[in-house]
Amino acid sequence: MLETLFFALIPILITIGLGYYSAVKGTFDEQDSHKLARLVLNYMLPLNVFAGI
């Protein structure tokens, strides 16, 4: 059970880490951030939840 939870959280933590790194490096500005958040929340997250079922 703990292994399943761990493997479910790894992609989320990696994505947050990459986002933080790109923000520190200055790759994205605020406008890009809003577009990316909309993409993730409207398309990627529901698809990921559906694929996990």
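How much accessible surface does the protein have, and what share of that surface belongs to carbon and sulfur atoms? Here are a few friendly notes on this predicted model.

1. On the opening question, the accessible surface is about 5200 Å². Carbon and sulfur atoms account for 72% of that area.

2. The secondary structure is quick to describe: the protein has two helices and zero strands. Helix α1 covers residues 2–25, and α2 covers 30–52.

3. For the overall dimensions, the C-alpha atoms fill a box of roughly 40 × 20 × 10 Å along the principal axes. The radius of gyration is 13 Å, whereas a compact globule of 53 residues would have one near 10 Å.

4. Burial is worth a look too. Of the 53 residues in the protein, 2% are buried. Ser22, in helix α1, has a relative accessible area of 11% and is therefore counted as buried, the cut-off being under 20%. Leaving aside residues up to four places away in sequence, Ser22 touches Thr27 and Phe28.

5. Phe28 also turns up in a nonpolar surface patch of about 1100 Å².

6. Ile53 lies in the segment after α2. Its relative accessible area is 82%, so Ile53 is classed as exposed, for which the cut-off is over 50%. Ser22, by contrast, is buried at 11%.

Note on methods
Residues are numbered from 1 along each chain as its sequence is written. This is a predicted model: local features need pLDDT of at least 70, side-chain atom pairs count only at pLDDT 80 or more; totals for chains, interfaces and linings use all residues. Side-chain values use heavy atoms; hydrogens and water are left out. Helices (H or I, at least four residues) and strands (E, at least two) are DSSP runs, numbered from the N terminus. The radius of gyration is taken over C-alpha atoms; the globule rule is 2.2 Å times the number of residues to the power 0.38. Buried means under 20% relative accessible area, exposed over 50%, partly exposed in between (1.4 Å probe, protein chains only). Accessible areas come from the Shrake-Rupley method with a 1.4 Å probe; for residues, only the protein chains shown count as cover. Patches are made of residues with over 30% relative accessible area and no salt bridge: like charges are joined within 9 Å, nonpolar side chains (Val, Leu, Ile, Met, Phe, Trp, Tyr) within 5 Å. A salt bridge is a side-chain nitrogen of Lys or Arg within 4 Å of a carboxyl oxygen of Asp or Glu. Contact means heavy atoms within 4.5 Å.
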